[in-house]
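This briefing goes through one protein model topic by topic. Please keep the sequence and the coordinates at hand while reading.

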Amino acid sequence: MTVAINDKPASPPDANPPDVSRLIDELTTLCGPTQVQVGGAIEPRFLQPARYGAGQAAVMVRPGSVEEAAAVLAVVARHGGRVVLQGAHTGLVRAATPTDGEREVLLSTDRLRQVFELDLLDRTLRVSAGFRLSEINERLAEHGLWFPVDLSADPSIGGMLAHNTGGTRMLRYGDVRANTLALQVALAEPAGQVLRWGQGLQKDNSALAVGQLFIGSSGSLGLITEATLKLSPLPRQRAVALVAPASLDAVFPVYQAVMQRWGVLVSAFEGLSRAALEAGLHGQDPARWFGGDLPDYAMLIELSSELPAEQLDLRGLLQGWLEEAFESGQVSDAVLDADEAIWGLRHHISEGLRAQGKVIGLDLSLPRRHFMRFRERGLAWLAAHFPELRLADFGHLGDGGMHFNMVWPSSAGPLDPAQELTLRQGLYALVAELGGSISAEHGVGPQLQAAYRAHWGAVAPAVLDWSGRLQTVFDPHKRLGNTDWGA
Ligand SMILES: Cc1cc2nc3c(=O)[nH]c(=O)nc-3n(C[C@H](O)[C@H](O)[C@H](O)COP(=O)(O)OP(=O)(O)OC[C@H]3O[C@@H](n4cnc5c(N)ncnc54)[C@H](O)[C@@H]3O)c2cc1C
């Protein structure tokens, strides 16, 4: 039996462009002239995403409170415009970058900073969506706490929620979803209605968890204005090793051994191919790493604890285990006592790859049992179809995540869009066959819109159907965002 949520078809966006000059006047009256920028005068940082080309918008507005933000949504709805929401603009799927210079209003959340309420007993933080992760963690550090979704960019809380960010320590702490207890949202329809989902409690089964739908919605269901986050104690010590397995076959046995031995003490388990290691070195002398002889694959293993080193010697534990693993033949080499340099290398990979040519990054996750199989089959597929491409995969191996990044060398000339489409289709088909995800942690957005439809259209069309219906409930006039969750 099919249950209709809302049988009304989504209205198409208004046919005529909005009266931009009236829209600008009203937004200026609402937020003040310094908080509104028009057309070509919009600062480049709002239009230029971290990857891909620049966008355009009719107008950019920076509301300074929840009330103003809600009123912006109402004004835009009244004029028949569309809104693209933007936090720190570090997203990697173009979901925060407007593209329509006639119709789109870019709403930046960077002035939504009114609430910062720490509850030390509950270990929660009620925080406005515009706060950046770095500032939150700086303020929390003095209380021995942090919001443990950790990455090498500095996103806003709203953007992290909208993309359900994962990061390097997801293995231990989970993603944003796992660390969110409540949300406040301004809706697209009724335009500007503000409501709160959840009460910020650890346990609460007293209502449907509707707020969860907004997490990972890529800015397409509503404007998240505030969240209540679950905090974790800041580790008092970390110990990091960069480990070369004896062979690729040893990688997951090592992962299992490490997890069985230390469980929650393992806070990161990353995988790095040789090409990724080389990119991470990015001009450094390779001699300090593995005596200059880089392995084909390496694992970054981090242990961390809230206990101080005098009570629990993590470095000693890691070293002792490495000696055993070396003797048993699972591990062939390792770098220890260089925690910051190891993380520095890891965080420089993307930058190093960009210096080599055009990067085509696939943000995948796979069941662990198929992780290496995908890598092997993906490499074979690339060799057969795109021999010019160099694979430099790396990522959060411990949680099944893989940045299957490839470099199209500058010397090969431009990669035309049809070729890139063929490339993505070939690899995504393999992902689907092995039960993986085409977007592990970066969201969907326009960049993955076609791939999203193709994937779910083949794997489970009902997912498209129901997702489209839900989007229609929250945004029947398609005024918000640039991700379409329907078929
Ligand atoms: C160097 C680098 C490293 C990265 N590493 C990782 C990583 O390890 N793991 C990972 O998961 N991601 C990673 N990212 C991607 C990116 O940082 C995350 O997706 C981040 O959460 C985006 O946050 P933002 O504030 O920049 O959002 P934006 O890019 O501004 O927006 C992202 C999406 O959120 C929507 N949005 C923004 N604010 C709101 C709001 N208040 N309400 C509703 N929707 C909103 C936008 O419309 C858009 O759809 C990395 C990016 C870079 C550049």
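The model is predicted. The protein chain is divided into four parts: domain 1 (20-111), domain 2 (116-233), domain 3 (237-349) and domain 4 (356-442). Domain 1 and domain 2 both contribute residues to the shell around the ligand, so the ligand lies between them.

**Domain 1 against domain 2**

- The centres of domain 1 and domain 2, taken over C-alpha atoms, are separated by 22 Å.
- Domain 1 puts 18 residues into the contact, and domain 2 puts in 19 residues.
- On the side of domain 1 that touches domain 2, the largest share comes from helix 3 (residues 66-79), with seven residues.
- That side of domain 1 consists of 12 nonpolar, four polar and two charged residues.

**Ligand shell**

- The ligand is surrounded by 37 residues, and the closest are Gly-87, Gly-91, Gly-158, Gly-159 and Gly-219.
- Two or more residues of the shell come from each of strand 3 (82-86), helix 5 (157-163) and strand 10 (222-230).
- Helix 5 supplies the largest share of the shell, five residues.
- Sorted by class, the shell holds 15 nonpolar, 21 polar and one charged residues.

- Four strands make up an open sheet with mixed pairing, in the order 1-2-4-3.
- Strand 1 (36-38) and strand 3 are the edge strands, and each pairs on one side only.
- From one strand to the next, the twist averages 20°.
- Strand 2 (residues 59-61) pairs with strand 4 (residues 104-108) in the parallel sense over three bridges.
- Met-60 stands opposite Leu-106, which belongs to strand 4.
- Helix 3 packs on the sheet and touches strand 2, strand 3 and strand 4. The direction of helix 3 makes about 175° with that of strand 4.
- Helix 1 (residues 20-31) lies across strand 1 and strand 2, and runs at about 15° to strand 2.

- Five bridges join strand 6 (residues 124-128) and strand 10 in the antiparallel sense.
- Leu-125 stands opposite Leu-229 of strand 10.

- Strand 12 (residues 237-245) runs antiparallel to strand 14 and is joined to it by seven bridges.
- Gly-271 has Met-299 of strand 14 as its bridge partner.

**Backbone details**

- The peptide bond from Glu-189 to Pro-190 is cis, with omega near -5°.
- Pro-190 sits in the loop between strand 8 (180-187) and strand 9.
- Asp-337 is not a glycine but has a positive phi of about 55°.
- Asp-337 lies in the loop between strand 15 (331-335) and helix 10 (339-347). Asp-337 counts as exposed because 12 other C-beta atoms lie within 10 Å.
- Lys-478, also not a glycine, has a positive phi of about 50°.
- Lys-478 is found in the segment after helix 15 (461-474). Lys-478 has 19 C-beta neighbours inside 10 Å and therefore counts as partly exposed.

Definitions and conventions. Residues numbered from 1 in each chain as written. Predicted model: local features only at pLDDT ≥ 70, side-chain atom pairs only at ≥ 80, totals over all residues. Near = placed C-beta within 6 Å. Nonpolar A, V, L, I, M, F, W, Y, C, P; charged D, E, K, R; others polar. Domains from an automatic or database assignment. Pairing = 2+ DSSP bridges. Contact = placed C-beta atoms within 7 Å. Buried ≥ 20, exposed ≤ 12 C-beta atoms within 10 Å, placed from the backbone. Axes fitted to C-alpha atoms, helices over the stretch in contact; angles between N-to-C directions.
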